[in-house]
Amino acid sequence: MFQATLGSQDLAQSAVNIPEIDWQAISPVVVVFVAACLSVLVEAFLPRERRWSVQVTLSLLTVVAAGLALGLYVNSDAVVGTGGITVAGQAVPLFSADYPALFLWGTLLALSFGALLLIADRSVDGGAFASPVPPAPGGDAVQYQAPGRQTEVFPLALFALGGMMVFLAANDLLTMFVALEVLSLPLYLMCGLARRRRLISQESAVKYFLLGAFSSAFFLYGLALLYGYAGSVRLVDIAAATAGTDRPETLLYAGFGLLVVGLLFKASIGPFHAWTPDVYQGAPTPVTAFMAACTKVAAFGAILRVLTLAFEASSWEWRGVLWAVAIVSMLIGAVLGLTQTDMKRMIAYSSIAHAGFLLVGAIAMTEDGLSGTMFYLLAYGFTTLAAFGIITLVRDGNGEATHLSQWAGLAKRSPLVAATFAFLLLALAGIPLTSGFMGKLAVFSAAIADGMAPLVVVALLASAIAAFFYLRVIVLMYFSEPAQDGPTVSVPGAFTTAAITLGVVVTLLLGVLPAFALDWASVGGFVS
Amino acid sequence: MSGSVLLLALLFLPLLGALVVAFLRSDDRVAKGAALGFSIAELALVVAAWAAYDPAGDRIQLGSSAEWIPRFGVHFAVGVDGIALVMIALIGILVPIVIGGSWNDRLPEERTAAGFYSLILLMQALMVGVFAATDVLLFYVLFEAVLVPMYFLIGRFGGARRQYAAVKFFLYSLLGGLIMLASVIGVYVVSGNQLGSGTFDWETLVATVSTADTSTQIWLFLGFFIAFAIKAPLVPLHTWLPDAGAEAPIGVGVLLVGVLDKIGTYGFLRYCLPMFPDASRELAPLVLVLAVAGVIYGALLAVGQDDMKRFVSYTSVAHFGFIALGVFAFTSQAQAGAVLYMVNHGIATGMLFLVVGMVIARGGSRNISDYGGLAKLTPVLAGMFVVAGLASLALPGTNSFVSEFLVLIGAFPTQPVFTVIAAVGMVLAALYVLWVYQRVMQGPLRGNAVLGLAGGPGAAGDPSSEGLAARLASKVPDLSRRELAVLAPLVALVLFLGVYPQPVLDVITPSVDATLTELGVTDPVQEGN
């Protein structure tokens, strides 16, 4: 973060001066990063047997403390919405705690609280995470009893969370890039931590890392070209440069394209989605929940910021392209989702379709589009979180039973789990009285108001297609006979119960009484 | 004020009932009894609401409204006009009858009566809400939400192919609903452009959207129309209904064709015509073609069915054609007839469905070819079949005659060609009803289901029909007192509304006239008078 500050200063070729820091505004981020460093120290110095409880307490407290800091700042007497880290003499903060950032920080903190609860739960089969000691070669199926608990996941998660918070608040492409790496590297590692089915988990980590490294390179290349175009990496400067000059437009288009590819990759929008199913399937389910909910928020936060602040003036030039991307993403997610037989892959394709819907709102470029997209992120995050929470519970002798056929007749054995999952699926399908519907309403109304009615019609058709595979799971759970030696549903631990309850309650609440969250999401826009 | 409380009570009482019944898992009889009690209390509220409604009063009555999502201008707003009121009354009448009619249904393994009746009451609450909503988004929300209990009712309690039928029903309706969502958002945006901030309030939307230019109206109209045409259902979007109707349990089938499908025709009247008058006039010929095609096509397919429940479903497709003809003929008589038809169809077809269910309960088969000569064994049941059948084919003296006649006579001045073609449907109706009656009830005892009851295939060779009848008489009982009690109110309504429909027409007519005013059509029939 601070490196980036200096870096962009050099690029701007001005004298080094001390940036003005509104500590209170950025306090949630500071809390998370300080705690992440502490967490590393705990990992290094505390004896193994005591680490787990300390790490769990520390990380959950961190998220709560960051949330409190955020709440205090929003309700304080200070002028909210303009703070951050501002370089003297510049109007726009380099790293801005404006209203969208604050809303999305809150969303991220709430979601990661739920995800951390899932990660921390070890009542079911000892938890999802591998011991640091590698198993015997070829030990994919071999159960390996670790002498202690594996706890690296907590500092990694905290660093990823901090990176996400910076990523969506950066007004400067270089800061954004550093944050992108800070959030990505821990995620790559976390994907490979599964205790069971280690090979597929490690494979997913390698895939995610390789493709992620490519996308980072795209992002960086785009950044360089845009610097060549605008002479600055600050979003407002790029916006000023696009507003009518005789600069070479090739640089702008190429730079924009490469930059956006990097962002679309992180948000798992088709056709840059190829990693998503494999990674969602291979990663330990709590980590998948964390990625699915939080990474989406961070990536879309950055997409919204970059499009609005830097490229609004040139929107008529790129909008057609992003129309096509949104359509491709929605159709890939909906159609390929139909053919999946694995629950986690199915949810992955569903997330690709949802990313398409989100992109529809993100390219609306209006206040309603911004607030609608942010509301959708909030709603979608909690629903997905709870859905993955449920997936961790349905197990057979070999761990989680993620094959669809294993879910047959679940309603007979565990009516409550089946009913909860059915409700979450209906929310993902966007049936009214769930948050999924309100999110779609918010996003699509903004899009129609901005003249994108055909895109919305495509989106609604894609929703109808996608509804089929959600429905198929409900049919399986409710109307099919259970398999002979089907999976059992574990009694969830307190942590998992809390996480699922959180997700379900928010899904219902935002579906029935969404007014308060919609108001929060629309308090204000980006500062520029 | 008390009127608005009444309407809210109408909405929330079944919801409360659904919750209470859901917890009565341990004892089926208690669950059924509680469900019946709630539905009868609801019926009492309906009577009170009918009394509180003033036909000469405002367009929307018994209304109340609370802010729901201020950011989108959404209100939890309910209220009724005459059309909505008669539909809510129909729901109030049918639900206790359905509960009574399903009393002895054998539920599939591991399903409890509590689940079944709780879903029925939940559906009742949502359906009342659909008809009472005066906020377009609230209407949409309930329109979609009503799918969920229906889906589970068909999928969990239905016949052999229930999974297929439930999914097909859900996907068809959801597809229509999502297309409608685009239009719902569209009218919101149009109102936002005109008023500065968008609204979903129905009366405001009628005032603003109806002034939009014709091409905008046509697009928005189509979104609503497709959803309603799937729901109603109009040919060619009807294919889900025979499947859903055939696989649904009898009671659920009654609610499906009796009430749920009326949401489609109600939607034409309440949303398509007043909000998009130009588009409605422009596209009326298209709708009329679909309507008349439905009348003929549904009737022909009904003639050809062997499955009794599919047969009833196809007769409904034909009847919905008549209703759509009445709605889009744009005369006061035809529209009043169409609304009355919606009520009468609910009563007549509901009764036919129940009677067919009683036949199936005795023979264990849905196929017409498995029956024959039942009238010898169950004369009262046969008599009920006749009443329901004649009401369905609109014999003078039954309730359907009045409505069908009103539709035809009202539509003739504006749409003579379509009316004449639709009148052929009446002849076909006589054919399909009487032919089914003849095959199932008349003639010698025959058919696998009947003979099977007599004691296996060996009995088929028995030449003495006297001996056969004697052996069957104990195995095929005539109507029980419960079944009589279920059918009696429907018979009474069939005859009463056949002779004296005026009380219902009095409630309907002012609302229909208001709709025509909103549509900007001068009624040629009334001008002529």
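**View 1. Chain A as a whole, compared with a compact globule.** A compact globule of 528 residues would have a radius of gyration near 24 Å, and chain A, with 22 Å, agrees with this. Please keep in mind that this is a predicted model. Along its principal axes, the C-alpha trace of chain A spans about 70 × 55 × 45 Å. Welcome to the fold: chain A is built with 20 helices and six strands.

**View 2. The inside of chain A.** Here we turn to burial and contacts. Of the 528 residues in chain A, 60% count as buried.

**View 3. Helix H17 of chain A, residues 435-449.** This helix has 15 residues, and the distance from its first C-alpha to its last is 21 Å, close to the 21 Å expected at 1.5 Å a residue. H17(A) is mostly covered, with 15 of its 15 residues buried. Following H17(A), look for A:Gly451, which has a positive phi, near 80 degrees.

**View 4. Where chain B touches chain A.** Chain A brings 26 residues to this contact and chain B brings 28 residues. On the chain B side, helix H5 (136-145), helix H6 (147-157) and helix H7 (162-195) supply at least two residues each. H7(B) gives the largest share of that side, 16 residues. Sorted by class, the side of chain B that touches chain A holds 19 nonpolar, four polar and five charged residues.

Methods. Residues numbered from 1 in each chain as written. Chains lettered and ligands numbered in written order. Predicted model: local features only at pLDDT ≥ 70, side-chain atom pairs only at ≥ 80, totals over all residues. Contact = placed C-beta atoms within 7 Å. Helix = DSSP H or I, 4+ residues; strand = E, 2+ residues; numbered from the N terminus. Nonpolar A, V, L, I, M, F, W, Y, C, P; charged D, E, K, R; others polar. Expected span 1.5 Å × (residues − 1). Buried ≥ 20, exposed ≤ 12 C-beta atoms within 10 Å, placed from the backbone. Rg over C-alpha atoms; globule rule 2.2 N^0.38 Å.
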